Amino acid sequence: MVSATPLWFPFQLEPDPIRQERFNIGVGIIQNDRLTTRFVEALWPLYSFYAGRPDVDFDALDDIVRAATSYYPDQAYSEVRAATPLHPQLHLGEPQPLGAPTQGPCQLDALFRAQVGLAQTVPRPEPLFQIGPNGDSRLNPDSQDRLATLRERIQRHAGSPRRTWLSAFRVAGRVYWCADITGAKQDITVQMAITGRTNWPSEDDVLDGILEWEAVDDLDAWQTLLFLSQGSDNDMLTAHYCGERSAKWFKLSM
């Protein structure tokens with residue numbers, strides 16, 4: 001397609017080919033058959049849609065975006081359209097009129113902000129726990145004091161944990177991890193939704209007996225629940241994380 005009239009189109013990512021949901025992750029401007037493009041810098045805003053789905057590999061999706069970011073700029077659009085797609089999960093939308101003369105990077109940035117719902121400046125969230133070289137999980141030092149304070153508050157209110165039941169479940173496609181803690185004084189429930197970010201609960205929630213908050217991934221949720229329910233007389237499961245962060249399994253022992 002060779003045209004002096006500027007056109008634009010979206011680059012769309014399909015994280016799950018079965019669902020066939022597509023998200024705009026970039027835009028391209030066509031003028032005189034040459035492409036000017038811009039892509040997102042992070043996919044983590046999509047994480048909450050696919051949390052707990054081991055078949056959706058975000059590392060692989062990141063690779064697709066990086067490949068597109070380096071491949072498409074300054075390519076001939078007619079050749080791009082005629083060639084085999086860069087990846088089966090990356091789609092090029094139909095070109096449409098830009099609506100105004102091209103004005104360099106400013107117009108590309110404005111088009112990007114208008115058409116791409118994923119904020120390009122969203123950083124990868126910092127998890128509460130890190131994976132050590134031996135596969136062990138370690139609490140991020142920046143979060144240690146806050147988690148320790150929350151645990152102390154729970155134990156002051158509920159008493160020392162006597163028994164903890166850890167579980168996971170899914171509601172409307174979202175994964176939740178839950179700890180039902182039987183304390184010396186009263187019971188308390190800690191429930192964590194996997195959303196791709198850390199959102200701390202209010203300290204006042206401890207008084208209600210139910211803490212609801214958000215975690216980056218399964219490892220953070222599981223290890224946080226273990227940390228909060230530690231107690232000298234506690235009867236509970238212990239867990240050792242196995243593999244990479246994207247893995248969805250643990251080794252359990254009494």
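Buried means under 20% relative accessible area, exposed means over 50%, and partly exposed lies in between, using a 1.4 Å probe and protein chains only. Helices (H or I, at least four residues) and strands (E, at least two) are DSSP runs, numbered from the N terminus.

This is a predicted model, in which local features need pLDDT of at least 70 and side-chain atom pairs count only at pLDDT 80 or more, while totals for chains, interfaces and linings use all residues. Residues are numbered from 1 along each chain as its sequence is written, and side-chain values use heavy atoms, with hydrogens and water left out.

**Overview**

The protein has seven helices and 13 strands. Of its 254 residues, 46% are buried. A contact means heavy atoms within 4.5 Å. Take the contacts with a separation of 6 or more: residues 24 or more positions apart account for 56% of them.

Start with H5, residues 141-158. Its buried residues are Ser 143, Leu 147, Ala 148, Leu 150, Arg 151, Ile 154 and Ala 158. H5 has 18 residues and reaches 26 Å from its first C-alpha to its last, close to the 26 Å expected at 1.5 Å a residue. The expected span is 1.5 Å times one less than the number of residues. Just after H5, Gly 159 takes a positive phi of about 90°.

Now H2, residues 58-71. Its 14 residues should span 20 Å at 1.5 Å a residue, and the end C-alpha atoms are 20 Å apart, which agrees. In H2, Phe 58, Leu 61, Asp 62, Ile 64, Val 65 and Ala 68 are buried. They cover an arc of only 155° around the axis, so they sit on the same side of H2. The arc is that of the directions from the helix axis to the C-beta atoms. An α-helix has 3.6 residues a turn, so residues three or four places apart point the same way. On the other side of H2, Arg 66 and Ser 70 are exposed.

**Salt bridges**

A salt bridge is a side-chain nitrogen of Lys or Arg within 4 Å of a carboxyl oxygen of Asp or Glu. The structure holds five. Among them are these:

| Pair | N to O distance |
|---|---|
| Arg 19 and Asp 16 | 3.8 Å |
| Arg 19 and Glu 21 | 3.6 Å |
| Arg 38 and Asp 109 | 2.7 Å |

Arg 38 lies in strand S3 (residues 34-39) and Asp 109 in helix H4 (residues 105-115), so this pair ties together parts that are 71 residues apart in sequence. Asp 109 is partly exposed, at 25% relative accessible area. Shared partners join Asp 16, Arg 19 and Glu 21 into one network of salt bridges. Arg 19, at 37%, is partly exposed. Glu 21 is also partly exposed, at 31%.

**The core**

A nonpolar core is a set of buried Ala, Val, Leu, Ile, Met, Phe, Trp, Tyr and Cys residues joined through side-chain atoms within 4.5 Å. The largest one has 60 residues, and Ile 25, Leu 43, Phe 58, Tyr 72, Leu 147, Val 190 and Leu 228 touch the most other members. Helix H7 (residues 218-228) gives the most to this core, with six residues. Leaving aside neighbours within four places in sequence, Val 190 has contacts that include Ile 154, Trp 177, Leu 211, Trp 213 and Leu 228.
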